[in-house]
Amino acid sequence: MKTFTKSFTRQEPIPEPAIEAAVRVMRSGALHRYGADPSEVAALETEFAAQTGAAHALAVASGGYAMGCALRALGVKPGDPVLTNGWTLAPVPGAIAAVGARPVLVEVGEDLCIDLDDLAAKAGRARVLMLSHMRGHIADMERLMAICDAAGVTVIEDCAHTMGAAWNGTPSGRWGAVGCYSCQTYKHVNAGEGGLIVTDDADLAARMVLLSGSYMLYARNGTAPDEAVFARHKGAMPNVSGRMDELRAAILRPQLADLPAQARRWNDRYAALEQGLRNLPGLRVIDRPAPEAYVGSSIQLLTDDPAKVPAFLAACAKRGVEWKWFGHATAQGFTSAHHHWAYVEAQSLPRTDAILARLLDMRVPLTFDLDDCALITRIVAEEAGRHLR
Ligand SMILES: Cc1ncc(COP(=O)(O)O)c(C=O)c1O
């Protein structure tokens, strides 16, 4: 029986131009954000704003920090309710908890997106939605924005899994008031850690630049609003340090330029996996809607029968194929579910729970080639035939 031997967590090397840029920054000794002139961070902000079509961009310490910073800038206070997906990863409720706010969880549907009927029903309960495009699945953004606009709910987009993706031609992160991205090792660009924020709102931008800890260097942000805008917020924003450093920015700039090409490579692998995993016994792939331009850096399947999952997963794992399962009773690795977050008020999400019990997730590293994808699908097909029929 064939086994798969590659690692599901192995990244590609950092590209040579990024390594050279990083070495230049280290030789200069100027690693503090905006501390160099010209600044790698400021250039990254200018380039990322242009890439996403945003007026303003800000480079920060992590994706989680980006989300917390956006919540603070929107004036979310301790005890305030914040809507978010019932299925997401721990940094999302964590960012809400970091400002002392309370996650109000919204059901997710079989498309793995936030359930728009449940969102409409709960929209009156909060004035902010932290929308997680979890595992790269983008909801119907026209309808979502119509629901939120009608209810006076401001949308922050968590684009940790959708950097480079779009809905109906508008980049993910550009539908809501603020878009937040992660540059952590397992995301679409790899700085080890890091986050990016975009917005068109000059006041929000100024508040976030100040909040993230700019001392008197705030005007050096690559997309800085006018001094008059900063003047409205200086002194009122606490310094909650969470800057990106010049070294990470230097590593990221060449990677961002490569993102469209990398997205195509991810999608080649995703297409091979999707085709090979379609129509297997007991398993269903998630159909992607036509308006969604996704980056296939992970793939999800729904099983028919959750009771059969443990034996199937064990058989795949024995042959080197790693699935994450959201139906585990306890949190595992990077995977957790809302009922594991003891700091979040318990909430009834029967539809989400029924989906999580059936939901399998696989990372698709770019270190896999198309032959690897073929071997993975062969192993999964054989084990599905044995365990899920
Ligand atoms: C869905 C989701 N949102 C946000 C984040 C936050 O990113 P970071 O790890 O950079 O804080 C992550 C990271 O894993 C994530 O998976």
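Predicted model: local features only at pLDDT ≥ 70, side-chain atom pairs only at ≥ 80, totals over all residues.

Student: Which residues line the second largest cavity?

Tutor: Its lining consists of Phe8, Glu322, Lys324, Asp361 and Arg363. Sorted by class, the lining of the second largest cavity has 1 nonpolar residue, no polar residues and 4 charged residues.

Student: And by class, what does the lining of the largest cavity have?

Tutor: There the lining has 8 nonpolar residues, 4 polar residues and no charged residues. Among the residues that line the largest cavity are His56, Leu58, Val198, Thr199, Met208 and Pro225. If you look for the elements behind this lining, β1 (56–60), β9 (195–199) and α7 (202–211) each supply at least two residues.

Student: How does anyone find where empty space is left?

Tutor: Rolling a probe the size of a water molecule over the atoms shows where empty space is left.

Student: Let's switch to the ligand. How many residues surround the ligand, and which are the closest?

Tutor: The ligand is surrounded by 16 residues, and the closest are Gly63, Gly64, Asp158, Ser182 and Lys187. By class, the shell around the ligand has 5 nonpolar, 9 polar and 2 charged residues.

Student: Which helix gives the most to that shell?

Tutor: That is α3, with 3 residues. Both α3 (63–73) and α4 (91–98) supply at least two residues each to the shell around the ligand.

Student: What about distances, say for glycine 63, aspartate 158 and histidine 161?

Tutor: For glycine 63, a backbone N or O atom lies 2.8 Å from an oxygen atom of the ligand. For aspartate 158, a polar side-chain atom is 2.8 Å from a nitrogen atom of the ligand. For histidine 161, a polar side-chain atom is 2.9 Å from an oxygen atom of the ligand. Taken alone, the ligand exposes 390 Å², and the protein buries 89% of that.

Student: New topic, then. Is glutamate 292 buried or exposed?

Tutor: Glutamate 292 has 6% relative accessibility, so it counts as buried, the cut-off being under 20%. Glutamate 292 is found in strand β11 (residues 292–293), and a polar atom of its side chain lies 2.9 Å from the backbone nitrogen of isoleucine 138.

Student: And where does glycine 179 lie?

Tutor: Glycine 179 lies in strand β8 (residues 178–182), and it counts as buried because its relative accessibility is 0%. Glycine 179 and valine 198 are 19 residues apart in sequence, and their C-alpha atoms are 5.1 Å apart in space.

Student: Now the backbone. What is the peptide bond from aspartate 37 to proline 38?

Tutor: That peptide bond is cis, with omega near 5°. Proline 38 has its place in the loop between α1 (16–28) and α2 (40–52).

Student: What is there to say about phi at leucine 112 and asparagine 279?

Tutor: Leucine 112 has a positive phi of about 70° although it is not a glycine, and asparagine 279, also a residue other than glycine, has a positive phi near 65°. Leucine 112 sits in the loop between β3 (102–106) and α5 (116–122), whereas asparagine 279 is in the loop between α9 (246–277) and β10 (283–285).

Student: Which of these is buried, and which is exposed?

Tutor: Leucine 112 is buried, with a relative accessible area of 1%, whereas asparagine 279 is exposed, with a relative accessible area of 73%.

Student: Last one: where is glycine 320 found?

Tutor: Glycine 320 is found in the loop between α10 (309–318) and β13 (324–325), and with a relative accessible area of 21% it is partly exposed. Isoleucine 379 is 59 residues away from glycine 320 along the chain, and the C-alpha atoms of the two are separated by 9.1 Å.

Technical notes. Residues numbered from 1 in each chain as written. Heavy atoms only, no water. Near = heavy atom within 4 Å. Polar contact = N/O pair within 3.5 Å; in protein donor to acceptor, adjacent residues only side chain to side chain. Areas by Shrake-Rupley, 256 points an atom, 1.4 Å probe, with all protein chains shown as cover. Helix = DSSP H or I, 4+ residues; strand = E, 2+ residues; numbered from the N terminus. Nonpolar A, V, L, I, M, F, W, Y, C, P; charged D, E, K, R; others polar. 1 Å grid on protein atoms, 1.4 Å probe; cavity = no way out; pocket = protein on both sides within 12 Å on 5 of 7 lines; lining within 4 Å. Buried < 20%, exposed > 50% of the residue type's maximum accessible area, 1.4 Å probe, protein only.
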